[in-house]
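Work through the exercises below with the sequence and the 3D view side by side. Try each task before reading its solution.

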Amino acid sequence: MTRKDRNDNEDVTGVAGLEKIARGLSNLFNVLADFDNLPRRGRHEKDGRVMEYSFGARTLREAAEGRVAAEEEAPAPEQPRRRAAKRTTVEMLEPVTDMFDEGNELVFLFEVPGVEREDIRCILDGDILLLEAKSGVRLYRKETFIEEKLAGNAPQLNLRNGVLEVRLAKQS
């Protein structure tokens with residue numbers, strides 16, 4: 001059983017199919033041979049079918065260097081000016097943290113080696129416990145979510161041997 005091509009009623013299996021493929025490749029090579037003579041954009045209509053195309057050309061050297069031919073370059077959309085971040089020598093770290101539920105209070109342990117008590121800022125803002133501690137070129141920063149129903153009064157801090165203990169009394 002042979003299958004027929006809907007458009008030209010030719011046998012598309014076996015030898016006839018290979019011949020049709022060879023003709024198509026031959027036509028493709030003819031078009032590619034005239035590549036430099038083709039317009040960069042165009043529209044072609046045949047047998048009720050429409051083909052619109054657009055392409056650019058660049059050399060292998062330009063492709064390797066990542067450059068695009070001038071005719072292909074589209075103007076970049078105007079971006080709002082962005083401020084560049086200032087470089088800093090401060091290293092920002094997230095301290096190792098443990099949390100314990102001790103009945104009527106929550107206890108947090110933060111490892112902040114080399115930090116003095118006066119360089120620690122720990123605040124409870126709604127349901128977020130924020131810790132910031134600075135030691136020379138290190139900044140320790142940690143935000144911890146706490147259920148509002150658990151958080152009560154201001155945190156009580158105790159720093160010992162580079163470990164900060166933060167106690168939060170639970171609400172009644």
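The exercises that follow concern a predicted model.

**Exercise 1. The overall layout**

Task: State how many helices and strands the chain has, and in what order the elements come.

Solution. 
- Step 1. The chain has two helices and ten strands.
- Step 2. Read from the N terminus, the order is α-β-β-α-β-β-β-β-β-β-β-β.
- Step 3. As for burial, 18% of the 172 residues count as buried.
- Step 4. The exposed surface comes to about 14000 Å², and carbon and sulfur atoms supply 49% of it.
- Step 5. Among contacts with a separation of 6 or more, 40% are between residues 24 or more positions apart.

**Exercise 2. The sheet that contains β3**

Task: Give the strand order of the sheet that contains β3, and find which strands stand at its edges.

Solution. 
- Step 1. The order is β3-β8-β7-β6, an open sheet of four strands with mixed pairing.
- Step 2. β3 (91-93) and β6 (120-125) each have a single partner strand, so they stand at the edges and one side of each lacks a neighbour in the sheet.
- Step 3. From one strand to the next, the twist averages 15°.
- Step 4. β3 and β8 (residues 138-145) run parallel and are joined by three bridges.
- Step 5. β7 (residues 128-135) and β8 run antiparallel, with eight bridges between them.
- Step 6. Y140 in β8 is the bridge partner of L93, and Y140 is also the bridge partner of A133.
- Step 7. The hairpin of β7 and β8 has two residues between the strands, and G136 there takes a positive phi near 60°.

**Exercise 3. The sheet that contains β4**

Task: Give the strand order of the sheet that contains β4, and follow its pairing from strand to strand.

Solution. 
- Step 1. This open sheet of four strands has the order β4-β5-β10-β9, with antiparallel pairing.
- Step 2. The edges are β4 (97-101) and β9 (156-160); each has a single partner strand, so one side of each is left without a neighbour in the sheet.
- Step 3. Ignoring direction, neighbouring strands of this sheet are turned by 15° against each other on average.
- Step 4. β4 pairs with β5 (residues 105-111) over five bridges, and within this pair M99 has F108 as its bridge partner.
- Step 5. β5 is joined to β10 (residues 163-169) by seven bridges, and here F108 has V166 as its bridge partner.
- Step 6. β9 and β10 are joined by five bridges, with L157 standing opposite V166.
- Step 7. In the hairpin of β9 and β10, which has two residues between the strands, N161 takes a positive phi near 55°.

**Exercise 4. A lysine in β8**

Task: Is K142 buried or exposed, and which residues is K142 in contact with?

Solution. 
- Step 1. K142 lies in strand β8.
- Step 2. A residue counts as buried under 20% relative accessible area.
- Step 3. K142 has a relative accessibility of 17%, so K142 counts as buried.
- Step 4. Leaving aside neighbours within four places in sequence, the contacts of K142 are E94, P95, T97, F110, L129, L130 and L131.
- Step 5. With one of these, E94, the side chain of K142 makes a side-chain polar contact at 2.8 Å.

**Exercise 5. Salt bridges**

Solution. 
- Step 1. Side chains of opposite charge can pair when their charged atoms come close.
- Step 2. The count of salt bridges comes to nine.
- Step 3. R138 is in strand β8 and E91 in strand β3, 47 residues apart. E91 also stands opposite R138 in the strand pairing.
- Step 4. K170 is partly exposed at 21% relative accessible area, while D101 is exposed at 51%.
- Step 5. E132 lies in strand β7 and R121 in strand β6, so the pair ties together parts eleven residues apart in sequence.
- Step 6. E102, E105, E165 and R167 are linked in a network of salt bridges.

Terms used:
Residues are numbered from 1 along each chain as its sequence is written. This is a predicted model: local features need pLDDT of at least 70, side-chain atom pairs count only at pLDDT 80 or more; totals for chains, interfaces and linings use all residues. Side-chain values use heavy atoms; hydrogens and water are left out. Buried means under 20% relative accessible area, exposed over 50%, partly exposed in between (1.4 Å probe, protein chains only). Contact means heavy atoms within 4.5 Å. Accessible areas come from the Shrake-Rupley method with a 1.4 Å probe; for residues, only the protein chains shown count as cover. Two strands pair if DSSP finds at least two bridges between them. Axes are lines fitted to C-alpha atoms, for helices over the stretch in contact, and angles run from 0 to 180 degrees between N-to-C directions. A polar contact is a pair of N or O atoms within 3.5 Å; within protein, one must be able to donate a hydrogen and the other to accept it, and residues adjacent in sequence count only if both atoms are side-chain atoms. A salt bridge is a side-chain nitrogen of Lys or Arg within 4 Å of a carboxyl oxygen of Asp or Glu.
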